[in-house]
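Reader: I have a structure to learn from, and I would like to go through it piece by piece. Shall we begin?

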Amino acid sequence: MKVELEADKCVASGQCVLAAMDVFDQDDDGIAILLEEKPGPELLDDVKEAIAVCAARPVRPAAALQAAAVQRVGARPAGPAHHV
Amino acid sequence: MADTLAGPVPEATDTVPEFPMSREARCPFDPPPALKDLQAEAPLTKVRLWDGSEPWLVTRYTEQRAILGDARVSADIDTPGYPNKAASGGGKLSFIMMDDPEHARLRRMATAPFAIKRVEAMRPTVQKIVDDLIDDLLAGPGPVDLVDAFALPIPSLVICELLGVPYDDHAMFQDNTKTMVRTTSTTEERNAATRVIGGYLGGLIGQRLAEPQDDLLSSIAGRVAAGELTHGQATEMALLLLFAGHETTANMIALGTLALLQNPDQLALLRETDDPKVVASAVEELLRYLNIAHEGKRRAVTEDIEIAGQVLKAGDGVILVNEIANRDPEVFADPDKLDITRDARRHVAFGFGIHQCLGQPLARMELQVVYGTLYKRIPTLKLACALEDVKFKHDAFIYGVHGLPVTW
């Protein structure tokens, strides 16, 4: 899995940090920064969630993940709530 | 009386519904039934506003997110077709009513204090504010108005601390904010209220220009000194942050408490947990369920957009009501049920796209502290009047309750 981030589009809502704290952080102005360009499979769900909630869409998955993430947008949440 | 009114009357064949619609008095937490009917019928439909204009109403979650995330819509009230909430008044609220690139330039001047780590660093301060206010409640007799004694002071104290506004002046900015958000305020009343808070904040920014301190007002004043903002733009930005920082969270605290009191099984889950994840989940669900910003996001189309079998033409207005998006049964199963154990994180209570709420990390943290503390400290908390006697803010752009008599 490879994640891309376009920092110039970030609106600093902090949602990606809440969803995937091991992958994203923020600089002093709240703009998202990527901690891990190639997060492991154990972080896949967190990254998908970050993509889904990203306000301005600067967080992008690589092509293979994108299809899966798009499918997930709007899907019914499955199982109990899990917060990262 | 209707029969004494002169002028044209709507034709009987007229099928474009008026917006906004009224909630069902017996279901104060639910969107207007007419809105839900429109959602069931189609993802987009036309509605008629107070001025006779007929913008699009976007009823479903997927289409709302698509349009709010689309660069071909404008949030600027001066863009042709923008669906106005009222005749005028209040002017532009800084960057939330601007488009990129100016929107992004101004918004980025205010983002730093709302970064997750900075907000987390404020959590102990917020916890102390909440604990002290509960001590005060418990020291006195009930019943009390939870809005005045608890819900309004918490976010007001927090945003004052963050901005560097003296809390002693809270009555002035709280009262004028009420006038600004009251739907029945006249243009003159709304302008006057905006001028009072603006004049006050403009004065504080002037002071910070002379003597900078460690607060957000000083940082905004620094932009004025650097020639990046006019004094007027700085004042507007400060007004937006002060206004959005207290009025919204205060309504979430009071309305959320009432919703929990009406759903004792959910309140019990919250009261009995020590798990911050359960509390965080409850905050997301209450945001989804309550939707206090109930008047709808407003946009004007700047280039034709094809969506859901319709074409939104340049110059069309668009209204996106998050309260029905968050009750979309395609996205949230059994959407009218308050269920703090569901994963509600993808709600659009803070909006979506580039204008998504700037202060949401702070709002989340404040609500986590409040919901995680109040019902544990006062486990016998209960409503001190009948639900029918609670006055809901049907007459405000931000929904909530005017007062909440509680005892314990």
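Reader: Is C357(B) buried or exposed?
Author: Count the neighbours: a residue is buried if 20 or more other C-beta atoms lie within 10 Å of its own, exposed if 12 or fewer, and partly exposed in between, with C-beta atoms placed from the backbone. C357(B) has 21 other C-beta atoms within 10 Å, so C357(B) is buried.

Reader: What kind of model is this, and how are its parts numbered?
Author: Residues are numbered from 1 along each chain as its sequence is written, while chains are lettered from A and ligands numbered from 1 in the order in which they are written. Local features need pLDDT of at least 70, side-chain atom pairs count only at pLDDT 80 or more, and totals for chains, interfaces and linings use all residues, for this is a predicted model.

Reader: Which residues does C357(B) touch, not counting residues up to four places away in sequence?
Author: C357(B) sits in the loop between α14 (322-325) and α15 of chain B. Helices (H or I, at least four residues) and strands (E, at least two) are DSSP runs, numbered from the N terminus. Two residues are in contact if their C-beta atoms, placed from the backbone, lie within 7 Å. With that sequence limit, C357(B) touches F350(B) and G351(B).

Reader: How far apart in space are C357(B) and I96(B)?
Author: In sequence they are 261 residues apart. From C-alpha to C-alpha, the distance between C357(B) and I96(B) is 9.0 Å.

Reader: Why is α8(B) called roughly perpendicular to α11(B)?
Author: Axes are lines fitted to C-alpha atoms, for helices over the stretch in contact, and angles run from 0 to 180 degrees between N-to-C directions. Angles under 35 degrees count as roughly parallel, over 145 as roughly antiparallel, 65 to 115 as roughly perpendicular and the rest as oblique. The axes of α8 (residues 170-181) and α11 of chain B come within 11 Å and cross at roughly 90°. That makes the pair roughly perpendicular.

Reader: Which element gives the most to the side of chain B that touches chain A?
Author: The contact takes 27 residues from chain B and 23 residues from chain A. On the chain B side, α2 (61-68), α13 (276-290) and α15 (360-377) are the elements that give two or more residues. The one that gives the most, with three residues, is α13(B).

Reader: What pattern does chain A follow along the sequence?
Author: Chain A has three helices and four strands. Of its 84 residues, 36% count as buried. Read along the sequence, the pattern is β-α-β-β-α-β-α.
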